[in-house]
Amino acid sequence: MKILVPIKRVVDHNVKVRIKSDGSGVDFNNVKMSINPFDEIAIEEAVRLKEAGIATEVIAVSCGAKVCQETLRTALAVGADRAIQVDTDAELEPLAVAKTLKEIVKREAPQLVICGKQAIDDDCNQTGQMLSALLGWSQGTFASELKVDGNELAVTREIDGGLETIALGLPAVVSCDLRLNQPRYASLPNIMKAKRKPLEVIEISELNVNITPRIKAIKYTLPASRSAGVMVDDVAELLSKLREEARVL
């Protein structure tokens, strides 16, 4: 089984995001970037399937400028066998990413695509579902457990009412939730080995994909700061404030 894992380069989750002074976008100057945390989980799951003898090859793919190669090398250090960078300076929307990944899937012919359920920068939670629809493949979203049995997958999903387990036929697209696994750290020897692993660069123009944006961001602003909390002396005072000030009772 060949597994394709799309990953995205995002602002590190420990970094506080800054907005440009003119409100035109996020300020990325001197900001630490890393793999989207949900995509780290996807890479880890793919590598575990390979270590279990279920998968034969793990391919990491990322869409973006040359700086994405650093993120791909991290995925290679964790255990991916090779990487593909789809080179573009454009800011891609989820549909454009899904169309791009569809073309990569046609080239590589994987049996399984494992991706993060969403990116922590735009929180769209759309690419996996769109890719599944474009390919006409089975899909399992918000996976907290994944079991492979021959040509079938058992995916345990996190839903509002608890957990749901579904059976999927391969090929399939699976998006990962936080509780699927705990990603490993890349060791120094593996970081050095990753520098020698193959990394292919494909110009997005070669894929004949329409990446014209459909949404225009008018302005970026930081959320309003929260007001300080108020200590109350007893339950009666709390109920009074909820009723008269907050007006939620």
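Two strands are taken as paired if DSSP finds at least two bridges between them, and strands (E, at least two residues) and helices (H or I, at least four) are DSSP runs numbered from the N terminus. The model shown in these views is predicted, so local features need pLDDT of at least 70 and side-chain atom pairs count only at pLDDT 80 or more, whereas totals for chains, interfaces and linings use all residues. Residues are numbered from 1 along each chain as its sequence is written, and side-chain values use heavy atoms, with hydrogens and water left out.

**View 1. Strand β4 and its two parallel partners.** β1 and β4 pair in the parallel sense over 5 bridges, and Lys2 has Glu57 of β4 as its bridge partner. On β5 (residues 82-87), which runs parallel to β4 and is joined to it by 6 bridges, Val86 is the bridge partner of Cys63. Because 7 of the 8 residues of β4 are buried, this strand is largely enclosed by the rest of the structure; buried means under 20% relative accessible area, exposed over 50%, and partly exposed in between (1.4 Å probe, protein chains only).

**View 2. The largest nonpolar core.** A nonpolar core is a set of buried Ala, Val, Leu, Ile, Met, Phe, Trp, Tyr and Cys residues joined through side-chain atoms within 4.5 Å. The largest one has 34 residues, and those with the most contacts inside it include Ile3, Ile43, Leu112 and Leu153. Among the elements that each supply at least two residues of this core are β1 (2-6), β4 (57-64) and β7 (138-149), while the largest share, 6 residues, comes from α1. Leaving aside its neighbours within four places in sequence, Ile3 is in contact (heavy atoms within 4.5 Å) with residues including Ala46, Leu49, Val58 and Ile114.

View 3. Leu170 and Pro171 are joined by a cis peptide bond, with omega about 0°. Pro171 is placed in the loop between β9 (162-169) and β10.

**View 4. Two loop residues with positive phi.** Most residues other than glycine have a negative phi, and most peptide bonds are trans. Ala109, in the loop between α3 (94-108) and β6, has a positive phi near 55° and is partly exposed, with a relative accessible area of 47%. Asn125, in the loop between β6 and α4 (127-135), has a positive phi of about 55° although it is not a glycine, and Asn125 is partly exposed, with a relative accessible area of 23%.
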